[in-house]
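Visitor: Please take one part of this model and look at it closely. I would like its geometry, its surroundings and the terms you rely on.

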Amino acid sequence: MHASPPDIAALEGRRVGLWGWGCEGRAAWRAIRSRQSALPLTLFCQPGEADDAARLGDPLLQVCTAVDADALAACDVVIKSPGISPYGDVAQAAAGRGTRFIGGTTLWFAERGDARTLCVTGTKGKSTTTALLAHLLRAAGVRTALAGNIGLPLLELLDGQADAWAIELSSYQTRDVATSGVRPDLAIVTNIFPEHLDWHGGQARYVEDKLALLTDARPHIAVLNAADPTLAALRLPDSDVRWYGRADGWHLRDDTVFRGDTAVLDTRELPLPGRHNRGNLCAVLAALEACGHDAVALAAQARGFQPLPHRLQPLGTRDRFDWVNDSISTTPHASIAALELYRDRPVAILVGGHDRGLDWTAFVDHVRAHPPRAVVTMGQNGPRIHDALRKAAGEVGFALRQAGDLESAVAQARGMLAADGGVLLLSPGAPSFGPYRDYAERGRHFARLGGFNPDAITAIPGLGIA
């Protein structure tokens, strides 16, 4: 198995496991069955998921809910869901006994080596960048697939036909591309900040895994943010590197996108909230240019872009408050960007969630320099953030409150803004694990608390092939 690319045909005769039964796990099962109908499989899943798997009626699918090193080591290959870390003790013990762990992204790239792949990653902005890339490619008349971490597993489109594939990759998936043995046609990396440290086991490995899309997968073209110090220090001899965010290429000056010294587009009326998202447009235009398109002519098509849900998403106005759903915010830097957008408004920001041990010093420094009306902390790391902010709140006078959950946090934030309205901003700077399945469920709950219909505001536009 190690000697050849791990495509589905190479699984024949192997003892194969699936680990995880979310959307990626189910997509992997369907993809394998489309190619290998007689291949025995072992599904490693939670007890609550076993009944769902049993309803498939697959006589060759054995379900195992006691996931330990011995059970995993009985497999030659395990296709794991992205959220499961290969660095955990159980996975490491099984790997030490010869089990190979791969992701569904590995399988798709190995199967579809003929596809024209445009991959996007980065700590912040990767979803919007990927969706905007697909939008402008379609505006150029290119039949384009939008898939990956953005909400549609690649394996769901195993047999799909597209002229370009705009693929979002999380840090859980970037190394999977390299293990497929296929070089992407192009890779965009927006930025690198500390994130997902619990999954990767530390910041150094997070950066290494994130950059594997560049250093190990060796894309033919690499589109990189010159303003990011980690990216600016890279040397990629196997890739044609195109920089954005500097004066000789695509960059942003005030509110205008420039190509070198030429002003191309005023961004103030674009549906791209926040300066960082306008910088993402520069990344996309640099990528389009690298692919041979007339990026200057296509820039204006960004006016028709449909923003993604949960990303600085204005829900509407209730009781004089403008409700903004930024549930995708899972790092303190993302919360800072959200506050920057509303610096000139009275704003109460809700922060906190699952504790990954990230440093909140930069956030504290920002609110000290640009104090909001109120900060309400919540979730597992809420007390730690609250303690970090206590001194700054006393120095510059913003209200600081602590809540046990989102509903309580919203109630307290409303009280801080009650006199004159303002912006009620959910930008947690932390994952949703624990009370919620994912950031989307958290955002939907926030919408309900504001009296908005979650179903009307949470669909991701443009997924699939068009």
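Guide: Helix α11 has 16 residues, and its end C-alpha atoms lie 23 Å apart. At 1.5 Å a residue the span should be 22 Å, so the two values agree. That expected span is 1.5 Å times one less than the number of residues. Helices here are DSSP runs of H or I with at least four residues, strands are E runs of at least two, and both are numbered from the N terminus.

The model is predicted: local features need pLDDT of at least 70, side-chain atom pairs count only at pLDDT 80 or more, and totals for chains, interfaces and linings use all residues. Residues are numbered from 1 along each chain as its sequence is written, and side-chain values use heavy atoms, without hydrogens or water.

After α11 comes G292, with a positive phi near 95°.

Now the second largest pocket. It holds about 460 Å³ of space. Of its 17 lining residues, N225, A227, R275, H276 and G279 are the closest to its centre. Two elements give two or more residues to this lining: β12 (250-253) and α11 (275-290). α11 supplies the largest share, 5 residues.

A pocket is an open set of points on a 1 Å grid over the protein atoms alone, where a 1.4 Å probe fits, with protein on both sides within 12 Å along at least five of seven lines; lining residues have an atom within 4 Å of a point. Points join across faces, edges and corners, and the volume is the space filled by probe spheres set on them.
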